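Welcome, and please take a look at the model below. We will go through the whole chain and then stop at a few individual residues.

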Amino acid sequence: MNSWNASRSTEDRRLRTAFLFIVALVPQIGPAQSARHMRLWRQIDLAAHCGTFICPGDLNNDGQLDFVLYKQGPMTAPGYLVAIDGKGRTLWDLGDRSIQTHQPDGQWNEPALRGICFVYDLNQDGKSEVITELWQEGSPLLCVLDGATGKVLRERLSPLDKHVRSGKRSRCHPVGRVAFLDGPQGQPSIILKYGASNHVPCLAVALDAELKALWRLDASPHAMGHVPTVGDIDGDGREETVFGTLLADAKGHTLWEKPVERHADCTTIADVHPSSGQEVLISICSTGPAYCLSANGTVLWEKTREEIPHGQGIWAGDFLADEPGLEAIILRSGHVGDFLTVRAEDGTDLATFRHTRKYEGYPDFPCVVNWKRNGEQSLWVPIDRTLVDGRGQTVADLGPAEPQVRALLKWGESKSNIAVQAFALDLCGDAREELVLYQPYNGSAILIFTQPDSEGKAKPYIHEKDAYNIRSYF
C-alpha cells in the first residue's frame, strides 16, 4: 500500500469512528431534548361553546373532572352557563342561550373578566354545588345550583347589586371565594368581593351556605384588589381574607390595612419567614411597590417603586432547587413580562428574566405548577407558552404541539386575545400536576398536558383550593 492510500485509509477510519460516535450519541440527545416537551393527555372539544370562561370541579360526583363553561352577561354577571364532563358531553345548561360572546366590561369597553362562578360542596354532603351569579330580568342573582343537574337550589338578589356596580368602571369584576371562617371542621362560607380599579366601590360580604348574610365590609378606596387570597394567617384555625392591602378576620373586622396609592393587583399567603403565622405578599398596580407583611401587618421587607414600578403579580414557591427556602417571583412591569425573583424570607434579589416570545398577548396570568418530581415548582408564563424556573430557564414547553394549541386556542395580540391561560391540577399518574390550557375569549378546546414520562392513567379527581378559589381574572 502506498503512503497516499495508507493515509486515506487512516483518515477513513477516523471519519468512520467519528460518525459512529455521533450516531451513538443521538439516542442520548433525543430523549433529553424531548423530555422538556409536554405531552398532550386529553383534548376536549368546545367548538359549540367557543370563547368561554371555564371552572373545574367534579359536578356529578363520579370522581372525574368536569367543567362549567360560561359567557358573561351585563356587568360581569354570567348570562349563560353550560356544564360538561371530561369528554365534552353536556350535562346541563342554564340562562340565556342567545348570548354568543361575553358582554364587555365597563364604560371603556374593556373585555369581560371572570365573574362569580366556582364549584364546591357547600353543605358537605358529598355532592358538588355551583355557586354563581346569573343575570335575570335586569338584575344579578346569586345562585347555588346542583352540580349534577343545574337545578337552582337557592337564590337571592346578589349583594353586589346594580347600585354597587353602577358608575364608571374599568377592569373591575366581582370575585367569589370559599372560606372556612369557623375553622376546618365548620361549614364553609362564601366571601364575595367587589372593587379593584379606579371609581369602583370596595365592598365585601360573607354569606353562609344558605346565602344568608354573615357580615359586610365597606373599605376605603384601593383597599381591595383584583385577586384576593384566603388562608389561616395567624394560626387560630379560622381563615382570614387578604382583600388587597386589607386583611379581614373571620368576623369581617379589619385587622390591618396598608395605605397605598393604587390597588393590589395580586396577593399571596405563604409561610416564608420565621415570624409567627404565615406571611402576606402584595404587589401594587401602576405605582408599585411590593411588600411582605407579617400576620400582624408589620412590613418584613419591601421592594421599592424603582424595583417594582407596576406589580402585576406575585407568587411564592420553591422555584430554585439550589436556593434554601421559598422564593417569590414578581411580575414587576405591569402588562409586559418582566420578572424579578427574590428570596421570600428577606426580599434579596436572586434573578431577573423576561418573557422570550414576541409580544403577542397580555402576559397575565401566570400560575404555579408542581411539574417536577423533586418538589421544585415552576411558573407557567402564558405569553411564552412555557414553564420556567426562578431564573426564567425553560422547564417544559409545548414543543411540536404548539401549532395545534394555537389553532384551537387562537391567542392574539390584545387584551381581548390574551395568551394561553392555565390551571394546574393533579389528574393522572403521580403526585405531579397537569396543565389545563384554555383561552376564555376565542378558545375552541380545553387541552390537558402531562409530563412525557407520566403513565397517563386518570385517577380520582381531588378539588384543590386553587381550583375553586381561582387565582386569575381571566
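Helices and strands here are DSSP runs numbered from the N terminus, with helices being H or I runs of at least four residues and strands being E runs of at least two. Keep in mind that this is a predicted model, in which local features need pLDDT of at least 70 and side-chain atom pairs count only at pLDDT 80 or more, while totals for chains, interfaces and linings use all residues. Residues are numbered from 1 along each chain as its sequence is written, and side-chain values use heavy atoms, with hydrogens and water left out.

Let us begin with the overall picture. The protein's secondary structure consists of 4 helices and 32 strands. Its radius of gyration is 24 Å, close to the 23 Å that the globule rule gives for 474 residues, so the protein is as compact as a globular protein of that length. That radius is taken over C-alpha atoms, and the rule is 2.2 Å times the number of residues to the power 0.38. Along the principal axes, the C-alpha trace spans about 100 × 50 × 45 Å.

How much of the protein is buried? Of its 474 residues, 57% count as buried, where buried means under 20% relative accessible area, exposed means over 50%, and partly exposed lies in between (1.4 Å probe, protein chains only). The accessible surface comes to about 19,000 Å², and 50% of it belongs to carbon and sulfur atoms; these areas come from the Shrake-Rupley method with a 1.4 Å probe, and for residues only the protein chains shown count as cover. A contact means heavy atoms within 4.5 Å. Among contacts between residues at least 6 apart in sequence, 54% join residues at least 24 apart.

As for charge, there are 48 positive and 61 negative side chains, and the centres of the two sets lie 6 Å apart. Lys and Arg count as positive and Asp and Glu as negative, with His and the chain ends not counted; each charge is placed at NZ of Lys, CZ of Arg, CG of Asp or CD of Glu.

Where should you be careful with the coordinates? The predictor's confidence in each residue, pLDDT, runs from 0 to 100. The protein averages a pLDDT of 89, and 91% of the residues score at least 70. Over residues 1–33, however, the pLDDT is below 50, and this stretch has 2 contacts in the model beyond near neighbours in sequence. Where pLDDT is low, the predicted coordinates should not be read in detail.

Now for some backbone geometry. Most residues other than glycine have a negative phi, and most peptide bonds are trans. The loop between β19 and β20 holds S286, whose phi is positive, near 65°. S286 is partly exposed, at 34% relative accessibility. P289 also lies in the loop between β19 (279–284) and β20 (290–293), and the peptide bond from G288 to P289 is cis, with omega near -5°. Elsewhere, E137 has a positive phi of about 50° although it is not a glycine. E137 sits in the loop between β7 (129–136) and β8 (139–146) and counts as exposed, at 84% relative accessibility.

Which residues surround F319? Setting aside residues up to four places away in sequence, F319 touches E327, I329, V368, E376, Q377, S378, L379, D389 and G390. F319 lies in the loop between β22 (313–317) and β23 (327–331), and its relative accessible area is 0%, so F319 is buried. Another loop residue, P74, is found between β3 (66–72) and β4 (78–84). P74 is partly exposed, with a relative accessible area of 21%, and touches Q103 and W135 when residues up to four places away in sequence are not counted.

T386 belongs to strand β28 (residues 386–388) and counts as buried at 6% relative accessibility. Its contacts, leaving aside neighbours within four places in sequence, are R357, L379, W380, V381, A396 and D397. T241 is in strand β15 (residues 240–244) and is buried too, at 3% relative accessibility. With neighbours within four places again left aside, T241 is in contact with I191, T229, V230, L246, L247 and A248.
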